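Me: I'm new to this one and would like to know what the words used for it rest on. Could you take me through them?

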Amino acid sequence: MSMEVEYLIEQLQKKAERGELLYIGESLNRVDDIEKILGKPIYTADILPKQTLYAKLVHSTIPHGYIRSINAANALNNSKVKAVLTYKDVPGINESSAVIPDRPLFADRKVRSTGDIVAAVLANDFRAATEASQDIKIEYDPLKPIFDPLEAMKEGAPLIHDAGNVAKHMKVYKGDVQKGFEASDIIVEGTYSTQFQDATPMEPELAYAVPKENGNILIVGSMQSPHITQSGVAKALNLPLSRVEVIQAVTGGAFGPKSDETPTDLGAIAAIGALKTGRPVFVNMTREDSMIMHTKRHPSITKLKTGATADGKLIASQAEMIMETGAYASLGVLVIVRAMFHANGAYEIPNVKNDGYLVYTNNTFAGSFRGFGAPQAFFASESQMDELAKKLNMDPLDLRLINMLRPGKRTSTNQLMDAACGLPECVEQVVAASNYRKKVKEYAEQKGNTRRGVGIAILHHGNALGPEGNDYVYVHLNVDRDGIVYLGTGLTEYGTGAISGLAQIASSIMGCKLDRFRIDRPNSLKHKESGPTVASRTTAIGGNGARDAAEKLRDRLNTVAAKLLDCMTSEVVIVDDIAYSSSAPQKRVGWNEIVDEAYRSGVSLNTIGYYMAPRCIWDEHTGLGSPYSQFTFGAAVADVEVDIDTGVYSVRSYYVAFDVGRAVNPRNVKGQLYGGTVQGLGYATMEELVHKDGRVLNPNLKDYYIPTSLDIPEEFVPIIVEKGGAIGPFGAKVVAEPPIVLPGPAVRNAILNATGWSVDSLPITAEKVWREGHK
Amino acid sequence: MKDILLEFKVNGQPKKVYVDPNDRLLDVLRDYLDIKSPKEGCGTGDCGLCTVTLDGKPVLSCLTFAFQARGKEVTTVEGLGNGKELSPMQQALRDAGAAQCGFCTPAMEIMVTDLLKRVDNPTDSQIKEQISGTLCRCTGYYPIVEAVKKIKEEER
Amino acid sequence: MTEVLMPNTLAEALSMISKDGHDVLILGSGSDVIPRIREREIVPKKVLDLSGLGSELNYIRIEGNVIRMGALVTVRQIIDNELFKGRLEAFLQAGRMFGGPQIRNMATVGGNLGAASSSEDLIPIFIALDAKVKMASIDGDRLVPVSKLVVAKRQIDRRPNEIIREIYFEMPDDSSWTAFFKAGRRNSLIIDLINMAMYLKLNIDGTKIEDIRIALNRVRGKTPERAYKTEEYLRGKRIENETIARAQEVLDSEVQLSSDFRASAEYRKSLDKVILARLINNCRDRIVEGRRTGN
């Protein structure tokens, strides 16, 4: 045997010893980014069919009122206009809601926000559709609008929906909070508020529909959850599900709104138009349309009260959060649940009383957005921790060390933390990396106009859907004659690389190289419904589906390889596209030989994997129990520099450590730490979608500020901690959402440290800092 | 009314198209010439995703009327490599995980190419400055900066 | 818009608008007007595209101590030009914060002057430099002091048959400096909360302010203007903390600002005052430093 072959076998054996972990933990290139980098036509607007009509949506011009009449005659006179759609054109049920049936697809009787869709104009080109949309005359009988959720909660307030203005009241009650406060030496109270944040995926929501010859309708669009769009469209069109084929095109960012109700709206409107005109219809959304229509992060007002002993032990925490959902509830009824489960921070506190209210107003609606209630909750709780520390004359880090969750401690809902609680490691590592203790000392000595400060914030994050739905997934794997592996699932890729991560898991198990994998475009008729692609669940839940499918194929591959190698099935090792017998490693067969043999002998290399997470048990009345199967943990330190005279500040450095259980692909995990943090820094420092009289004042990227490359901290240190969780494949936990949560409180606390000023509302603009200092 | 004859070069190829006075360069590239790498992220000149080079300088094709390109040379990502394999610059982006959703990637590539044409070993702040008119919502920009630094290291 | 005029020379352009010029929108790069046309904020019948006039209207030159810039000079060209690396630093400071790199490749001096909105950062600098705009028409050139150019928001003193041809100003002497600052809510693609440009000249022994011009994007309305009262107060004064504090009060009384969702009037004023002090000190320091190092 030549040296070369020997070396190769040695390498293969080393890899094989790692078994299923073959490629787990390696920063391999993702399998789906080459086309993107080459600029190939892969996004929805790049692949429109010929003869497509363009639809322009017409929104309500008033925030609250009855529709008296809709007159489209002038628009229809335009020779380029092919149709105008209104609620009268909906063949099925005119409803496009996710949870509570409170939102029509096209406004019929009533409008409740300026984001409501009243009509859609279909024309040969978008310019003509846009121009004609201005010729549609809609008469309204206005009703008194409400824009303040506190007003909306008052008795006698005008009703936005007949069932009342509070869409959901969520409680978490543990122990006796009154007694807890009585036993406390120190009590702090505060009110914390947050704003509407827009997700701003760089590609707005888009969809087109094509009427097929067999009577089916095909919908292609930018979305997170094709099966949700499928069922919404089927309902609106009164079609069986089997006639609605929804394909997710390559999607240019999503962050939540593309899982909520907007993709259903677009798919349904395109489909109605396509069936009506017999031509493909593309619902084009401008940036303005998108920012007005899709769901935003809920603004919140949180009254928080915390009681502690003189030596800093937390005894009681009471939270009352008003979350404004705008005109419709969408997924807000679940957002408020997650917010309440996390409202007291990542601490053990014996007495808790949380009341969360999801409240309607006549602003445009809020709903799904990365973080899902956690950013609001942790801004309040982590801000208050620093106020408490100040009152206790204690370092905020020390106060956290005393109270934070560790193995053996219990959350607000009484859920027990086991060995998978990596919060202490996260805190330890982020404190070390940031030189926190040294900086606190140094910065205490500062005078002059420029001041530095450090702030810390920590979190726990209940993984995946938990109380938000049944957490199941299907993953299809199919090896073709050429040895290419097709991975398909109802879960979607929209930027994170998580679907490529599923391929990485499958390739580890099957023993073939990752670059053999191709990702099927998710298709509602081809792939089994796998729940929504939300809650960062692709790796933690979807990964188990990929693992299941890969293990099934691996068994078959082993059988085939055993025949070729003339050995026992149990002796077969397949690694890096090569199979050999552990008892006679000199003889080897390649991947393609195995695949060929499988095809010849009728062994199917096509299978479906399945996984369903264990049910989470909790009490609906008290909120107590174990709503999540596992948790992600994280800690961040922000280092800021503040100009005292102007309140202008910058985040100079940011350090973050996350316990992600097991990083399947560390580079992609860091991609989430970077991206989530910067989106969180936008939320913390500059982003705010402003409504005035129910109208969005800044639905554009000129005045809705998202961070540019010149706004990011000069220094950013991402740290991965791995304390394997209970359910994710190889211990993986979710990572996409949690990083967005910490910048708000970390920056706020750093400014407090630098200046002594407490800014309790997001975004922390320079003006707010200046106001705190010049009261 | 497509009554203006636009003659220009796109990725080295001479093109002749009749355009409407209101057509933007972005519309001509995407809708007439099937060049889809420039994206419309806002249509108001605020996101940078429609960036192409016009006579060698990166500009926003959504803020340029088509007729303004007459006699000029336009380059898009389709013209940067052979269209099949990744160039070293593109490979560096891939290796750094710089393309997540990928929607800003073509514009970033135009900006990065322009920078490397002018500056040999760009610093972090030069790179950030160069891409500061192009918004990315996925990566937080760090992997892009890292990729650009790698490109130069590889060429050295 | 239905017709596009595409002249190849200035003379041709001027004759094209010699009669029905009021129907014609003059297009520099278009970076300002294209979105406005698409939003139907302006509905021009015709557009006159200056792209073909690069050889005539794109120049930066110094003649004696006068600096002349053609209307088609881009912001990028200003940043790259050595002329602006010293006493004319205000241009560099403004240029680097002007839109993003792509916009800087596009936006022109003429377009800035013509657009005349409060976000056109070059105008306050030109005002602080007491620059003059040369309007060309078939009847010859007409000079307009830039301080008189903007007559209302997005409206300038330009006759329908005229095209902005050039802007010129005197190079500040070695006792002078210029500076610019703007405040926004992020560090690129900035929408100004306030901006301020300053020209400051010290007396011969460097102890007193001999001359000062301060221009802001907003003083009394939404057009760039000079803060005359503040200038008047400062002229002849020594640069001392007390003087600056008093000047801030004068500026406070002189400036009338309004609130919007981006910032309150109160905060904008407080920024104006801080920036005033910083720009004065910055100009003074640079002049003193320049004298010491012989620049």
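Reply: Let's start where two chains meet: 20 residues of chain C and 23 residues of chain B make up the contact. This is a predicted model, in which local features need pLDDT of at least 70 and side-chain atom pairs count only at pLDDT 80 or more, while totals for chains, interfaces and linings use all residues. Residues are numbered from 1 along each chain as its sequence is written, and chains are lettered from A and ligands numbered from 1 in the order in which they are written.

Me: What makes two residues count as in contact?

Reply: Their C-beta atoms, placed from the backbone, must lie within 7 Å. On the side of chain C that touches chain B, β1 (3-5), α2 (33-38) and α6 (101-106) of chain C each give two or more residues. The largest share, 5 residues, comes from α6(C).

Me: How do you know what counts as a helix or a strand?

Reply: Both are DSSP runs, numbered from the N terminus: helices are H or I with at least four residues, strands are E with at least two. By that reading, chain C has 11 helices and 14 strands.

Me: What is meant by a nonpolar core?

Reply: The term covers a set of buried Ala, Val, Leu, Ile, Met, Phe, Trp, Tyr and Cys residues joined through C-beta atoms within 7 Å. In this model the largest such core has 397 residues, and those with the most contacts inside it are A:Ala55, A:Val121, A:Ala270 and A:Ile751. The element giving the most to this core is α16(A), with 10 residues. Leaving out residues up to four places away in sequence, A:Val121 touches several residues, among them A:Ala55, A:Val58 and A:Ile136.

How values were computed
A residue is buried if 20 or more other C-beta atoms lie within 10 Å of its own, exposed if 12 or fewer, and partly exposed in between; C-beta atoms are placed from the backbone.
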